[in-house]
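Colleague: I would like to learn how to read the features of a model like this one. Please take me through it.

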Amino acid sequence: MDKNKVWYYEKLSAKVLQSLKGNNIEAFYCKTGKETREKILSLIPEGASVGLAGSVTLKEVGILDELMKGNYKLYNQYLPDLSKEESLKIRREGVSAGYFLSGTNAVTLNGELVNISGMGNKIAGLCYGKKVVIVCGVNKIVKDIKEGIDRTRNLSTPMNAKRLDFNTPCRETGFCDYGLCRAPEFDRMCNQLLIIEGEREKGRVTMILVGEELGF
Ligand code: SF4
């Protein structure tokens, strides 16, 4: 990464980490994907059950491979050849697992997290999972909630719609057409919007900010 970009992201990250801690969210900074994997594995004890939210970031840091190789009970709804019913059952079980692992769509300078979900398991896991570990690349830092929602609808979701080949207006245009995008005509991907402003229970939610551009 360009050294000026590194400087810029480090400045923003310092502010975000301080804000997250002020919101009662545990927060760590990892420079690389490798450091991130090690940090996640230090937080999740062997033998634990782990639920997942769909996240390109988690794939990119390589933690899914580590969990699949290791001694964990992984609720993985992305295994090939699962029926729709099996996938839904795994998502429901994953939300109640000992640990819930997720990305986030955006984090603000004030330490708020913005998340949009199509089916709701991500939202449920983030809100009510027993222990939640969130991984976020520095490219997802935004000024405020408004910018976070805009980033989610006009950047992350169009790319995810393309990646997953969903029938949404943004899959065709690259930007959100909120008014047009309604079921059953479209497979709307943004059905729930969650803003996390803070956490009550100390230690329930941990966020790892990674000094790399990750995910969408
Ligand atoms: S509301 Fe529809 S068009 Fe807008 S970002 Fe979400 S899926 Fe795409």
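**Reading the fold**

Modeller: Start with the sheet. Six strands make an open sheet, ordered E1-E10-E7-E4-E2-E3, with parallel pairing. Strands pair if DSSP finds at least two bridges between them. Helices (H or I, at least four residues) and strands (E, at least two) are DSSP runs, numbered from the N terminus. The edge strands, each pairing on one side only, are E1 (26–30) and E3 (73–75). From one strand to the next, the twist averages 20°.

Colleague: What should I know about the model and its numbering?

Modeller: It is a predicted model: local features need pLDDT of at least 70, side-chain atom pairs count only at pLDDT 80 or more, and totals for chains, interfaces and linings use all residues. Residues are numbered from 1 along each chain as its sequence is written.

Colleague: How many bridges pair E1 with E10?

Modeller: Five, in the parallel sense; E10 spans residues 205–210. Glutamate 26 has threonine 206 in E10 as its bridge partner.

Colleague: Which helices lie on those strands?

Modeller: Helix H1 (residues 3–22) lies across E1 and E10, at about 160° to E1. Helix H2 (residues 33–43) packs on the sheet and touches E1, E7 (132–137) and E10; its direction makes about 165° with that of E10. Axes here are lines fitted to C-alpha atoms, for helices over the stretch in contact, and angles run from 0 to 180 degrees between N-to-C directions. Contact means C-beta atoms, placed from the backbone, within 7 Å.

Colleague: How do I read the core?

Modeller: In soluble globular proteins, nonpolar side chains tend to be buried together. A nonpolar core is a set of buried Ala, Val, Leu, Ile, Met, Phe, Trp, Tyr and Cys residues joined through C-beta atoms within 7 Å. Buried means 20 or more other C-beta atoms within 10 Å of a residue's own, exposed 12 or fewer, partly exposed in between, with C-beta atoms placed from the backbone. Here the largest core has 45 residues, and Val50, Val133, Met207, Leu209 and Val210 touch the most other members. Leaving out residues up to four places away in sequence, methionine 207 touches Leu20, Ile25, Ala27, Ile134 and Cys136. Another core lies apart, with six residues, including Ala161, Cys170, Cys176 and Cys190.

Colleague: Where is H7 kinked, and by how much?

Modeller: A bend is the angle between axes fitted to the seven residues ending at a residue and the seven starting there. H7 (residues 145–164) has a kink of about 35°, centred on threonine 152. Thr152 is also among the buried residues of H7, as are Gly148, Ser156 and Pro158. The cover over those buried residues includes E5 (106–108), E6 (113–117), E8 (141–142), helix H8 (169–173) and E9 (192–196). After H7 comes aspartate 165, with a positive phi near 55°.

Colleague: Which loop holds asparagine 24, and which holds aspartate 81?

Modeller: Asparagine 24 sits between H1 and E1. Its phi is near 70°, positive in a residue other than glycine. Asparagine 24 counts as partly exposed because it has 15 C-beta neighbours inside 10 Å. Aspartate 81 sits between E3 and helix H5 (84–95). Its phi is positive too, about 65°, although aspartate 81 is not a glycine. Aspartate 81 has 5 other C-beta atoms within 10 Å, so it is exposed.

Colleague: Where is proline 184, and what bond joins it to alanine 183?

Modeller: Proline 184 lies in the loop between H8 and E9. A cis peptide bond joins it to alanine 183, with omega about 0°.

Methods
Two residues are in contact if their C-beta atoms, placed from the backbone, lie within 7 Å.
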